[in-house]
Amino acid sequence: MAELLTIEAALARILEHARPLPTETISVAESAGRVLREPAIALVDLPPFASSAMDGFALRANSVPGELSVAFRVAAGSPAPGPLTSGAAAGISTGGAVPDEADAVVPVELVDDRGERVVIEAPVRVGQHIRPRGGDVRVGDTVVGAGERVRAAQIG
């Protein structure tokens, strides 16, 4: 009876004959289940702009506590129509672009929303509830490494 190989020895014999497949360029939609030959590198910052981490009001932190006029409202994923003026706030949805000149977001639960005006009774800190541009991924970052199998998370 022949001597049995160890797992390590059997794997070594198999790998002696294995060769990498040629590289193919395919679409992301076709990549599920494939293995990357080269790393996937981010071409854009994610998020691509400073965005709100909360539904609430974007404002200048030094403007509160106090009553502010509502200059405009920003929907999720949408750009602000312009910079935020002093003494104003902008209604903002989660994922909305934080307007220029705003440096904090106050959650809607902490705001007395009176339509054209809002009252915020507590101070806020600069950067509060703002996701910075590139906070998740920066241009040039490796988002999926070479040799990794592409699954739903990697495609996302």
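User: How do strand β4 and strand β8 pair, and over how many bridges?
Analyst: This is a predicted model. In it, β4 (residues 66–74) and β8 (residues 117–120) run antiparallel, paired over 4 bridges.

User: Which residue is the bridge partner of Gly66 in β8?
Analyst: Ile120.

User: What is the strand order in the open sheet?
Analyst: β6-β3-β5-β4-β8-β7. That makes 6 strands, with mixed pairing.

User: Which strands stand at the edges?
Analyst: β6 (104–107) and β7 (112–113). Each has a single partner strand, so one side of each has no neighbour in the sheet.

User: Switching to pockets. How much space lies in the largest pocket?
Analyst: About 1100 Å³.

User: Which residues lie nearest its centre?
Analyst: Ser31, Leu36, Glu38, Ala40 and Val150. They belong to a lining of 30 residues.

User: How does that lining split by class?
Analyst: The lining has 20 nonpolar, 6 polar and 4 charged residues.

User: Which element gives the most to the lining?
Analyst: α2, with 3 residues. Elements supplying at least two residues each are β1 (40–41), β10 (142–144) and α2 (152–155).

User: Now Ser51. Where does it lie?
Analyst: In strand β2, residues 51–52.

User: Is Ser51 buried or exposed, and why?
Analyst: Ser51 counts as buried because its relative accessible area is 1%, and the cut-off for buried is under 20%.

User: What is Ser51 in contact with, beyond four places in sequence?
Analyst: Gly95, Gly96, Ala97 and Val98, plus His129, Ile130 and Arg131.

Note on methods
Residues are numbered from 1 along each chain as its sequence is written. This is a predicted model: local features need pLDDT of at least 70, side-chain atom pairs count only at pLDDT 80 or more; totals for chains, interfaces and linings use all residues. Side-chain values use heavy atoms; hydrogens and water are left out. On a 1 Å grid over the protein atoms alone, a cavity is a set of points where a 1.4 Å probe fits but cannot get out, and a pocket is an open set with protein on both sides within 12 Å along at least five of seven lines; lining residues have an atom within 4 Å of a point. Grid points are joined across faces, edges and corners, and a volume is the space filled by probe spheres set on the points. Ala, Val, Leu, Ile, Met, Phe, Trp, Tyr, Cys and Pro count as nonpolar, Asp, Glu, Lys and Arg as charged, and the others, Gly among them, as polar. Buried means under 20% relative accessible area, exposed over 50%, partly exposed in between (1.4 Å probe, protein chains only). Contact means heavy atoms within 4.5 Å. Two strands pair if DSSP finds at least two bridges between them.
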